[in-house]
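Me: I have a model open and would like to learn how to read its features one at a time. Please give me the general idea each time, then the case at hand.

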Amino acid sequence: MNRFKEKTEIIHGIDAIKYLETLKGKRACIVTDTTMVKLKMVDKVTEVFSNNDVEYEVFSEVEPDPSFEIVHKGLKHIMKNKPKLLIAIGGGSAIDAAKAIMYFCIKMKENLIGTEEIPKPFFVAIPTTSGTGSEVTSYSVITDKEKQTKIPIVDDLMVPDVAILDPNFTKTIPPAITADTGLDVLTHCLEAYVAKNASDFTDALVEKAVTLVFQYLIKAYENGSDIEAREKLHNASCMAGIAFNNAGLGINHSMAHSLGSYFKIPHGRSNAILMTYIIAFNSSGDNKAKGKYAQLAKHMGLPSETDEQGVLSLIEAIKIMKQAMNIPATIEAAGVDSESFKRDLEAMSKMALKDICTAGNPKEVSKEDLINIYLQAYEG
Ligand SMILES: [Zn+2]
């Protein structure tokens with residue numbers, strides 16, 4: 001038995017933000033970060049609320065890679081204000097923080113603050129980057145600062161009720177972040193396509209999302225105000241999110257979570273560095289993943305007369321795209337010094353093996369496999 005879920009209503013296209021005008025008479029809490037406030041992105045939401053007599057509070061303390069401390073602060077804010085509407089606006093961090101706040105609000109309120117019943121707010125996510133797909137997934141990644149680890153929480157109660165995909169919010173993303181987040185989308189696609197729970201439904205979403213990424217990512221990187229490219233990437237990110245939320249991910253994400261935690265490399269960039277090495281590992285030997293990668297290469301019109309050729313073409317196409325956007329080809333090129341890398345290699349691999357994403361990988365892995373992949377990715 002297999003299952004495909006998509007609970008979130010998706011409002012998309014230029015000016016999709018106007019959807020907020022329909023939310024009259026609700027008390028809202030807006031979860032965001034200071035950058036969104038500075039860039040006046042939050043104003044686009046508060047203006048609509050002010051014009052429609054919607055009361056609101058803004059919690060803008062979310063930081064990149066949100067920590068449990070921030071989630072706890074946000075939780076207190078929610079418990080105090082009891083909003084009927086929760087709006088998360090920002091990149092993956094703001095949306096992940098809002099999800100975790102809601103999760104703990106419902107699951108742990110007795111232990112943390114009191115026993116008063118807080119009804120689950122109507123949850124609207126407004127992504128301002130095209131990367132995590134967090135607006136449609138049941139995943140939230142929170143950082144445990146003390147243990148230096150990233151902890152993914154997975155629960156359907158965190159899935160937003162509505163996602164607003166308005167490309168106007170993504171026009172000012174700088175090129176480097178466009179590249180990192182866009183390659184995160186590509187990683188979601190590649191992992192979901194070969195993951196253990198991949199299905200015809202998730203394959204269809206991946207095939208479209210990959211096509212959009214290859215067609216529009218470099219365009220958006222080179223010209224951020226290309227609104228068509230921005231819109232297509234925003235859609236691709238969401239489609240890839242739905243795909244991996246159902247199919248699962250794999251060791252590319254497990255290893256990127258560890259690498260990112262140890263060496264402060266952004267999530268999308270960590271994924272992008274490891275991507276080609278993971279494809280090579282997963283398709284080594286005779287297995288189903290090799291056939292799937294080749295199928296995807298064929299779908300994209302890349303040379304793929306045999307499965308081996310398809311895999312190689314896919315790897316080559318990804319390398320070319322990474323080069324065009326100045327993504328480091330190796331962990332070393334990303335600025336990680338050899339001594340620190342060797343010191344942390346064993347611990348990083350252990351952490352990656354235990355990561356929740358490892359279970360979805362098409363091929364079984366050992367700690368030694370992960371060490372070897374990290375070593376290959378270090379030097380290239
Ligand atoms: Zn990701």
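Me: In which helix is Lys322 found?

Reply: Two notes come before that. This is a predicted model, in which local features need pLDDT of at least 70 and side-chain atom pairs count only at pLDDT 80 or more, while totals for chains, interfaces and linings use all residues. Residues are numbered from 1 along each chain as its sequence is written. Helices (H or I, at least four residues) and strands (E, at least two) are DSSP runs, numbered from the N terminus. Lys322 lies in helix H12, residues 307-324.

Me: Is Lys322 buried or exposed?

Reply: Burial is a count: a residue is buried if 20 or more other C-beta atoms lie within 10 Å of its own, exposed if 12 or fewer, and partly exposed in between, with C-beta atoms placed from the backbone. Lys322 has 20 other C-beta atoms within 10 Å, so Lys322 is buried.

Me: Which residues is Lys322 in contact with, leaving aside its neighbours within four places in sequence?

Reply: Two residues are in contact if their C-beta atoms, placed from the backbone, lie within 7 Å. With those neighbours set aside, Lys322 is in contact with Ala272, Ile327 and Ala329. A C-alpha distance is another way to look at a pair: Lys322 and Leu183 are 139 residues apart in sequence, and their C-alpha atoms are 8.3 Å apart in space.

Me: Where is Ile273, and why does Ile273 count as buried?

Reply: Ile273 has its place in helix H10, residues 267-282. Ile273 counts as buried because 28 C-beta neighbours fall inside 10 Å. Apart from neighbours within four places in sequence, the contacts of Ile273 are Pro328, Thr330, Ile331, Ala334 and Ala377. Val42 lies 231 residues from Ile273 along the chain, and the two C-alpha atoms are separated by 33 Å.

Me: How do I read the packing of two helices, say H7 and H8?

Reply: Start with the axes, which are lines fitted to C-alpha atoms, for helices over the stretch in contact; angles run from 0 to 180 degrees between N-to-C directions. Helix H7 (residues 200-222) and helix H8 (residues 227-247) have axes that come within 8 Å and cross at roughly 150°. That makes H7 roughly antiparallel to H8. The classes are: under 35 degrees roughly parallel, over 145 roughly antiparallel, 65 to 115 roughly perpendicular, and the rest oblique. The residues in the contact include Leu205, Leu212 and Tyr216 of H7 and Leu233, Met239 and Ala243 of H8.

Me: What does the packing of H9 and H13 look like?

Reply: Helix H9 (residues 251-263) packs on helix H13 (residues 338-354) at an angle of about 135°, with the axes 8 Å apart. H9 and H13 are therefore oblique to each other. Among the residues that meet are Ile251, Met255 and Tyr262 in H9, and Asp344, Met348 and Met351 in H13.

Me: And handedness: which hand does each crossing have?

Reply: A crossing is left-handed if the near helix is turned anticlockwise from the far one by less than a right angle, and right-handed if clockwise. The crossing of H7 and H8 is left-handed, whereas that of H9 and H13 is right-handed.

Me: In what order do the strands of the sheet run?

Reply: Two strands pair if DSSP finds at least two bridges between them. Here 6 strands form an open sheet with parallel pairing, in the order S1-S8-S5-S4-S2-S3. Strand S1 (9-12) and strand S3 (56-62) are the edge strands, each pairing on one side only. On average, neighbouring strands of this sheet are turned by 20° against each other, direction ignored.

Me: How many bridges join S4 to S5, and S5 to S8?

Reply: Strand S4 (residues 85-90) pairs with S5 over 6 bridges, in the parallel sense. Leu86 has Phe123 in S5 as its bridge partner. S5 pairs with strand S8 (residues 162-165) over 2 bridges, again parallel.
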